[in-house]
Amino acid sequence: MSVRKYVCPACKQKTGVDILYGMPSHEAFEMAERKEIALGGCCIDIEGPERSCTSCGHEWRIKRQEIKFEFK
Ligand SMILES: [Zn+2]
C-alpha cells in the first residue's frame, strides 16, 4: 500500500491522506498512527469523504472519474 499525501483545500498544506473504510488491518492501524492514512470506520459510506487532512481535520471528497482499485 503506497502512501500519498494531498494538498488540503482548506489549509493548503500537503497533509491530506486517504480515508480507509472498512475493518482496518494491523498495518492500517499503524499507518493511521503515523498519520499516513485516516480511518473512516467499519461502515462504508459511499457518500462519505475520501480524504482527510491530518493538520486541520478537514475532510473532503474527490471527483470520481473512474472507480479504480489498487492492489500492490
Ligand atoms: Zn487542512
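User: In what order do the elements of the protein chain run from the N terminus on?

Analyst: From the N terminus on, the order is β-α-β-β-β, which comes to one helix and four strands. Helices (H or I, at least four residues) and strands (E, at least two) are DSSP runs and are numbered from the N terminus. Residues are numbered from 1 along each chain as its sequence is written. This is a predicted model, in which local features need pLDDT of at least 70 and side-chain atom pairs count only at pLDDT 80 or more, while totals for chains, interfaces and linings use all residues.

User: What is the mean pLDDT of the protein chain?

Analyst: The mean is 86, and 85% of the residues reach 70 or more; pLDDT is the predictor's confidence in each residue, from 0 to 100.

User: Which way do E1 and E2 run, and how many bridges join them?

Analyst: E1 and E2 run parallel and are joined by three bridges. Ile19 has Ala38 in E2 as its bridge partner, and Leu20 has Leu39 in E2.

User: Which residues make up the largest nonpolar core?

Analyst: Five residues make up that core, namely Val17, Leu20, Met31, Ile37 and Ala38. A nonpolar core is a set of buried Ala, Val, Leu, Ile, Met, Phe, Trp, Tyr and Cys residues joined through C-beta atoms within 7 Å. A residue is buried if 20 or more other C-beta atoms lie within 10 Å of its own, exposed if 12 or fewer, and partly exposed in between, with C-beta atoms placed from the backbone. Buried residues make up 15% of the 72 residues in the protein chain.

User: What is Val17 in contact with, leaving aside its neighbours within four places in sequence?

Analyst: Val17 is in contact with Lys5, Lys35, Glu36, Ile37, Ala38, Arg51, Ser52 and Thr54, where two residues are in contact if their C-beta atoms, placed from the backbone, lie within 7 Å. For the protein chain, 41% of the contacts with a separation of 6 or more are between residues 24 or more positions apart.

User: Switching to Cys8: is that buried or exposed?

Analyst: Cys8, in the segment before E1, counts as buried because there are 22 C-beta neighbours inside 10 Å. Not counting residues up to four places away in sequence, Cys8 touches Gln13, Thr15, Gly16, Cys53, Ser55, Cys56 and His58. Cys8 and Cys56 are 48 residues apart in sequence and 8.7 Å apart in space, C-alpha to C-alpha.

User: And Met23, where is that found?

Analyst: Met23 is found in the loop between strand E1 (16-21) and helix H1 (26-33), and counts as exposed because there are 9 C-beta neighbours inside 10 Å. Gly41 is 18 residues away from Met23 in sequence, and the two are 6.9 Å apart in space, C-alpha to C-alpha.

User: One last thing, the backbone angles: what is phi of Lys12, and of Lys35?

Analyst: Phi of Lys12 is near 65 degrees, a positive value in a residue other than glycine, and phi of Lys35 is near 60 degrees, also a positive value in a residue other than glycine. Lys12 is placed in the segment before E1 and is exposed, with 11 other C-beta atoms within 10 Å. Lys35 lies in the loop between H1 and E2 and counts as partly exposed, with 15 C-beta neighbours inside 10 Å.

Notes:
Pairing = 2+ DSSP bridges.
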